[in-house]
Amino acid sequence: MTPERRPSRIARLAALGWVVLAVAACYVAQVVYFLGAYSGLGGRR
Amino acid sequence: MTIPWTEPNPILPLALFLVGIAACLGLGRLVMHALRVTGGDPALRTAVALAAGTLMLGLYTLAVGLLGGLRLLPYLLVIPTVLGLVGVVALRGGGGASPRRERTNTQTVLLGFLGVTGLICLLTALAPAGGNDWDGLSYHLAAPAIWLGHGRIDFLPWDHHSNFPFLHEMLYLAALAVSGQGLAKLFHLLAGAVTCLTLFGMVRPRHGMTAGLLAAAVFASAPIVAWEAGVAFSDLALAMYLAVALGCWLAWREGSGDRWLALCGIALGGALGVKVTAGVAAVTLAAMTLARARAVPSHRKAGVGYRLALIALPALVLALPWYLKTYLWTGNPVYPFLYDTLGGRWWSAALARGYRAEQLGFGMGRSLPMLLLAPVNLTLLPAMFGNLPEHPLIYNSLGPLFLALAPLGLIAGWRQPLVRAGALVAGTWLLAWFILCQHLRYALPALAPVAVLAALGAVGVLAARPGRVRLTARVLIGLALVISLAVNVWSSTAQVRTTLGLVSQEEYLAAAFPEYPLFAWANANLPPESRVALVGETRGFYLQRPYVWADHSTWLEVSDTQGAQDLLRRLHHRGITHLLASSAYLQSAMRRAQAGNEDALFEALERGRLRVIQESRGNALLEVRGG
C-alpha cells in the first residue's frame, strides 16, 4: 500500500479481514489438532 | 568433560563465539575489500561479510581435514582467526552511514522481540543436544566428531549423510576441536541471526527502519526458525546464504555495480556447499540475471555472458570441492541421490526406493489443489509436514504472519524489484519443495524472502486508515509475536535452566535423551578396542567408541539376513564386537518372533551368540560372542 496510491476502503477492510482470518485460523487449527481432533488424518512417525 | 564433547559451562563457548564472529566478519571484509565492493546498506554489508567469512572458514577447515591435519586444527585455526581480527580492525564496514532518526515505539518493540528471541535461542543452543536434535546427534555433529577422532576427514561408507556437502558442519568441526557442542550450535544460531540481518539490510534502505525490523521479526517469529537456532542442523545456514545471495543480486540490479553480482555468486557457492537443493535458487537467480542483462540496453555493452559468468563461476568454484570429493569417494557427485542414473558405492536400488518413499511420505500429496493450498496447509496443519505430530506448535510451525501478511505485500508491491525477485526465489523454491520432499524445515529457506513480502504487507496495514484498521493490525501482529515468544520460552525451559546451571547437564540429558544412559554406560564399561554397530538408532554422537550404523547402507546390513549364522558372519566381517539396539528395533524383532517368523537377532540370542550386557529403557547393548 504505497503512499502514491491509497487503496479503497473495501480493499483496506478486505486486507484487514484476511489478516484476522489467517491469524485466527492458524491458532484455532493448531489448538484443535493438539486436542486430537485431527488425529484421524494421521500424523507422521 | 563429564558428557562427551560438551563444555561444562557456557563461558568458554560464549567467549570463543565472540572471537569467531569477529574473525568471520574480518575474513568477509577482506573478501569484499579484495573485490573492491562499494555501496550497499551497512547492515547488508555486515551480513554479506559474515556469510563470506563463515564460507572461507568452512573451506579452510575442509582443506585441513582432507590433508589429515585435524589433530593440529586448534593451532591451525589461529591463522584465519588472526587474519579475520586484522580484517575487523583494519577495514571499516563501508556502505556509508544511515541517517540517525529517533526510534519509534514499534521499532523498540520489534528490537525487543528480536533481542529476547535471540537470547532464548542462545541459552538453548548452549545446552547439550537432546534427543530431538536427531540429525545433529546422528551426523551434523557426529560425523565431525568421528573425523576429529580419526585426525582427518575420510570416507564413512555406512553414513551417506557424511558425503553430502558439509560446509556448515566444518564450523561444527572447528568448534568441537577447540571447545565443544555449545560453540558448534552457536554457529547455527549465527546463521539465523545473519539471515535476520540480511532481511533488515534488504528492506531498510527501500522501506525504512520499521519495515526492515518487521522483515527480521517475521522470520524469527516462526517457531521452526527459533527451534532450528538452538540445534545443530544446517537449514538456517542455507537460508542465510540464499538470503545473502538475494540481497546481493538486488544490490546489483539496482545499480550498485557488477561486483555485487560476484558476491551473489559467492553466496550461492556457500549455499551449494550446504545442500545440493540450493541449485534451485542458483538456477532461478541465474535466469533472473540473464533476463535483466538482456532487458536493459546499457548492460549489453559489457555482455550478457560476462554477467552470467560473474554469478556462475564463483558459485561453481566454491561448491566444486564438495561434489568432487563425493564423486571421488562414491562415484556419484550428489550421492546417494539420482542413484538410478549415477549409481554410488554402498547404496542400492532398494535403499534408494526406501529413501524416496520416506521423502514422499511427508506432506499432503502432489495434486494441483494441494499445490495451490500449500501455503494454507503449511500454516494451519504444519504437523502434516514433519516428524513430530504431537508437538505442532513447537517444532513444526510457521506461525500466522507469513500467510496473513505476505499476500498483501505481494499485491501492493508487485512493481518493486525487491518484491518480484523475492517472490520468484521463494516461489521456485517452494515448487521444488512441493515436488521433492514436503518436510517443513526444507521450506525454511523460502521463509526469508516471504518474510520480506510479509513486512511490506505489515507496513501497509499498520499505516492504513481508519485508525481501527491500524489498531486491529497492531494487536494481531503483536499477539502473534507474543505467542511466538511464549512458545519459544515454553519449549526451551529445560535447556535454559540447564545452561544457567539450575539443572545439571546429566539430569537434563537423562530426560531429554532417554537413550543417553546406555551410551554413558558403554563409555564407562566397554573395552577401548570395542566396535559398536547401532541398530535402529543413529544418534551416536555421545558414544566414545568406534561405531557404525547398521542398515543405512549396504556396508553393513543386519535386518536382511539368512538367519543367525549369516548375521554373525556379517558382524565378524566388519569387526563388530557389540550391538546397540534401540527399543523400537527390539520390539519390532520381538513381534516378528512372536508371530512365528524367523528373526536372526533373537535366534542369535537364543544360541548364545549374542548376549545382553546392559539394558536401559528398552534399549539394549549386546555383546557379539565367538569368532
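Below are my notes, entry by entry.

**Ground rules.** I'm working with a predicted model, where local features need pLDDT of at least 70, side-chain atom pairs count only at pLDDT 80 or more, and totals for chains, interfaces and linings use all residues. Residues are numbered from 1 along each chain as its sequence is written, chains are lettered from A and ligands numbered from 1 in the order in which they are written, and side-chain values use heavy atoms, with hydrogens and water left out.

**Rings.** I searched the whole structure and got 17 aromatic pairs over all chains. Rings of Phe, Tyr and Trp (its six-membered ring) pair if their centres lie within 6.5 Å; planes under 30 degrees apart count as stacked, over 60 as edge-to-face and the rest as tilted. I picked Phe155(B) and Trp329(B), a tilted pair at 6.1 Å centre to centre with 45 degrees between the planes. These two are 174 residues apart: Phe155(B) is in the loop between α7 (142-150) and α8 (167-178) of chain B, Trp329(B) in helix α15 (residues 304-330) of chain B. Helices here are DSSP runs (H or I, at least four residues), numbered from the N terminus.

**A cluster.** I also found Trp5(B), Phe513(B), Tyr516(B), Phe519(B), Phe541(B) and Tyr542(B) in one aromatic cluster.

**Charges over rings.** The rule I used: NZ of Lys or CZ of Arg within 6 Å of the ring centre and within 35 degrees of the ring normal. Arg420(B) lies over the face of Trp414(B), 5.6 Å from the ring centre. For Arg539(B) over Trp134(B), I noted 3.8 Å.

**One arginine.** Which residues does Arg12(A) touch, leaving aside neighbours within four places in sequence? I got Pro7(A), Ala464(B), Arg465(B) and Pro466(B), with contact meaning heavy atoms within 4.5 Å. Arg12(A) lies in helix α1 (residues 9-34) of chain A.
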